[in-house]
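Colleague: I would like to learn how to read a few features from a model. Please take them one at a time.

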Amino acid sequence: MAAPKVAVVGAGVIGLSTALCIVETQPSCSVTVLSDQFSPNTTSDVAAGMLIPHTYPGTPIPVQKQWFRETFTYLFAISNSAEASEAGVHLVSGWQVFKNTPKEELPFWSDIVLGFRPMSEAELQKFPQHRFGQAFMTLKCDCPPYLLWLEKRLKATGVQMCTRKVADLWELHREYNVVVNCTGIGAHQLVGDEKLFPVRGQVLKVHAPWVKNFIREGDGLTYIYPGIHKVTLGGTREKENWNLSPDPGITKGIFDRCCSLEPSLQGAQDIQVKVGLRPSRQCVRVHKEVLSQGGVKLPVVHNYGHGAGGFSIHMGTAKEAARLVEECIAALQGSSSRAKL
């Protein structure tokens, strides 16, 4: 068969990284990214981009750990390269603090981040409200620069970027051999996934260049994540809330909570408020299926439902989705050679 044509629907961090993995593993493919929104207007642009995994109850821990390890290894190499600044990828040290000692003192990812250890008594004195903490170094992606860097890499390999609203995956069957669905919360309507629900996140991006260390409460609700140009303050986790308008009361609550962890933030300036809908489900959906109408078949690979943990595992799930695309192409090539016989 001629060079297989693959459409990746969605241009957030999951769509772009999946397209990149497909190009790298299947260089004979023609890949097109289709999306009605590109950076800076995606959900991924709102994300803090910190590599601290979110746990998915429906996905086995060894699988989550492998996805995180692959992503960490990939980004660590970028952070040690001349591309680091343009890609917005950097190492950041800090603390995760708890009001009470957690049941699990060693999270599954503790041996992947760097230098993971319990906080000392002297460190804990900085957080008088908290009784236990963990110190470690991890990676952060500054989201708009990272997405633009991914786009640039894709364009350099010949990938087409097309602004297009896809209302039904089947509409692509005449143009593409395989379709990859990376539409995030859009999959709720696009493929009717009732297990997918939004978790509304409101964050503040502030100018506070003196803040160098991340601080995160163990429940993940209050966090301070320094980036290259801005510090992200969060946050909220509002299930089933589709509202994208900033709430001034929530903004004040986030700011006050973060100032109680890091009082110097009272001097933060240029406060911008961002809202995004995390595409959440019990387990990430990395899965292939074949749509069929009137004897015509369209292989589809799904890669969505990463919730609050998309950046932490994006490259791991992208590699898995690319393997599934490879299987779809092999099956198509097998059937086309059988047809010739």
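Colleague: Does Asp270 count as buried, partly exposed or exposed, and at what relative accessibility?

Modeller: Buried means under 20% relative accessible area, exposed means over 50%, and partly exposed lies in between (1.4 Å probe, protein chains only). At 45% relative accessibility, Asp270 counts as partly exposed. Before we go on, note that this is a predicted model, where local features need pLDDT of at least 70 and side-chain atom pairs count only at pLDDT 80 or more, while totals for chains, interfaces and linings use all residues. Residues are numbered from 1 along each chain as its sequence is written, and side-chain values use heavy atoms, with hydrogens and water left out.

Colleague: Where does Asp270 lie, and what is its phi?

Modeller: Most residues other than glycine have a negative phi, and most peptide bonds are trans. Asp270 has a positive phi, near 55 degrees. Its place is in strand S13 (residues 269-293); helices (H or I, at least four residues) and strands (E, at least two) are DSSP runs, numbered from the N terminus. Glu240 also has a positive phi, near 60 degrees. Glu240 sits in the loop between S12 and helix H7 (248-261), and it is exposed at 52% relative accessibility.

Colleague: Which peptide bonds are cis?

Modeller: One joins Ser39 and Pro40, with omega about 15 degrees. Pro40 belongs to the loop between strand S2 (30-35) and helix H2 (61-79). Another cis bond runs from Gly234 to Gly235, with omega near 0 degrees. Gly235 is in the loop between strand S11 (231-234) and strand S12 (238-239).

Colleague: How many salt bridges does a search of the whole structure find?

Modeller: A salt bridge is a side-chain nitrogen of Lys or Arg within 4 Å of a carboxyl oxygen of Asp or Glu. The search finds 17. One of them joins the side chains of Lys230 and Asp270, at 2.4 Å from N to O. Lys230 lies in the loop between strand S10 (223-226) and S11, and Asp270 in strand S13, so this pair ties together parts that are 40 residues apart in sequence. Lys230 is partly exposed, at 23%.

Colleague: How far apart in helix H5 are Glu151 and Lys155?

Modeller: They are 4 residues apart in helix H5 (residues 143-156), which means a separation of about one helical turn. Glu151 is buried, with a relative accessible area of 8%, whereas Lys155 is partly exposed at 49%.

Colleague: Which residues are linked in a network of salt bridges?

Modeller: Arg164, Glu171 and Glu175 are. Within it, the closest N and O atoms of Glu171 and Arg164 are 3.5 Å apart. Glu171 is partly exposed at 32%, and Arg164 is partly exposed at 24%.

Colleague: How many aromatic pairs are there?

Modeller: A pair of aromatic rings is described by the distance of the centres and the angle of the planes. Rings of Phe, Tyr and Trp (its six-membered ring) pair if their centres lie within 6.5 Å; planes under 30 degrees apart count as stacked, over 60 as edge-to-face and the rest as tilted. By this rule there are 11 aromatic pairs. The rings of Tyr223 and Tyr225 are stacked, because their centres are 4.7 Å apart and their planes are at 15 degrees. Both of these tyrosines, Tyr223 and Tyr225, are buried. Ring pairs also link Trp109, Phe116, Phe136 and Phe214 into a cluster.
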